[in-house]
Amino acid sequence: MSVNKVILVGNVGKDPEVRYLDKNVAVANFTLATTERGYTLQSGTQVPDRTEWHNIVAWRGLAELSEKFIRKGSQLYVEGKIQTRSWEKDGIKRYVTEIYADTIQLLGKKSDAGEIAPLSVTKPADEAAPEASMSPVAEEETEDGLPF
């Protein structure tokens, strides 16, 4: 058994870029910063904050809602999976690691009453990314018909 699951809470680095592909399928891309707080060692040495930038990808309805509600600086909860892809440009192989979002929850927005009013969006189960359906993995079936 294997698990590919990521949970991040961070701040959006730029407004989502949304593109519409064939058959009006939306895909949104934006960056999310997570920061590990610095600390002081017993010796007195200061270890500074460390910020990690994540490339977030949202598809279809999740992408459309990202376009409407997510802005630079928004604090988000993102749940999804890690995917790495590669391409070649000018004879150099390049790689990018992305988080394909299944759930996005807007955090930190306060209402007039001072309460946090989160927006939570989860990708429907039947809304898989096009790449997932284009690269099926051959699996052996066990005697009960299940592939595991």
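Which residue forms a salt bridge with K5, and how far apart are the closest N and O atoms? The partner is E79, and the closest N and O atoms are 2.6 Å apart. A salt bridge is counted when a side-chain nitrogen of Lys or Arg is within 4 Å of a carboxyl oxygen of Asp or Glu.

## Basis of the model

This is a predicted model, in which local features need pLDDT of at least 70, side-chain atom pairs count only at pLDDT 80 or more, and totals for chains, interfaces and linings use all residues. Residues are numbered from 1 along each chain as its sequence is written, and side-chain values use heavy atoms, with hydrogens and water left out.

The term pLDDT denotes the predictor's confidence in each residue, from 0 to 100. Its mean for the protein is 81, and 73% of the residues reach 70 or more. Over residues 110-117 pLDDT stays under 50, and over residues 129-142 pLDDT also stays under 50. Where pLDDT is low, the predicted coordinates should not be read in detail.

Helices (H or I, at least four residues) and strands (E, at least two) are DSSP runs, numbered from the N terminus. Strand β3 comprises residues 26-36, and eight of its 11 residues are buried. Here buried means under 20% relative accessible area, exposed means over 50%, and partly exposed lies in between (1.4 Å probe, protein chains only).

Two strands are said to pair if DSSP finds at least two bridges between them. Strand β3 pairs with β1 (residues 6-12) in the antiparallel sense over two bridges, and V12 stands opposite L32 of β3. Four bridges join β3 to β2 (residues 17-20), again with the strands antiparallel; V18 stands opposite A28 in β3. The hairpin of β2 and β3 has five residues between the strands, and K23 in this hairpin takes a positive phi near 60 degrees. With β6 (residues 50-59), β3 pairs in the antiparallel sense over 10 bridges, and V27 has W59 of β6 as its bridge partner.

## The nonpolar cores

A nonpolar core is a set of buried Ala, Val, Leu, Ile, Met, Phe, Trp, Tyr and Cys residues joined through side-chain atoms within 4.5 Å. The largest such core has 18 residues, and F30, L32, I56, L76, V78 and I104 are those with the most contacts inside it. At least two residues of this core come from each of β1, β3, β6, α1 (60-69), β7 (75-89) and β8 (92-107). Apart from it lies another core, of five residues, including V25, V27, V57 and Y100.

Contact means heavy atoms within 4.5 Å. Leaving aside neighbours within four places in sequence, L76 is in contact with residues including L8, V12, F30, L32 and I104.

## Salt bridges

Side chains of opposite charge can pair when their charged atoms come close. The structure holds five salt bridges. In the bridge of E79 and K5, E79 lies in strand β7 and K5 in the segment before β1, 74 residues apart. E79 counts as buried because its relative accessibility is 17%, whereas K5 is exposed, at 51%.

E98 and R85 also meet through their side chains, at 3.0 Å from N to O. E98 belongs to strand β8 and R85 to strand β7, 13 residues apart. E98 is buried, at 5% relative accessibility, while R85 is partly exposed, at 40%.
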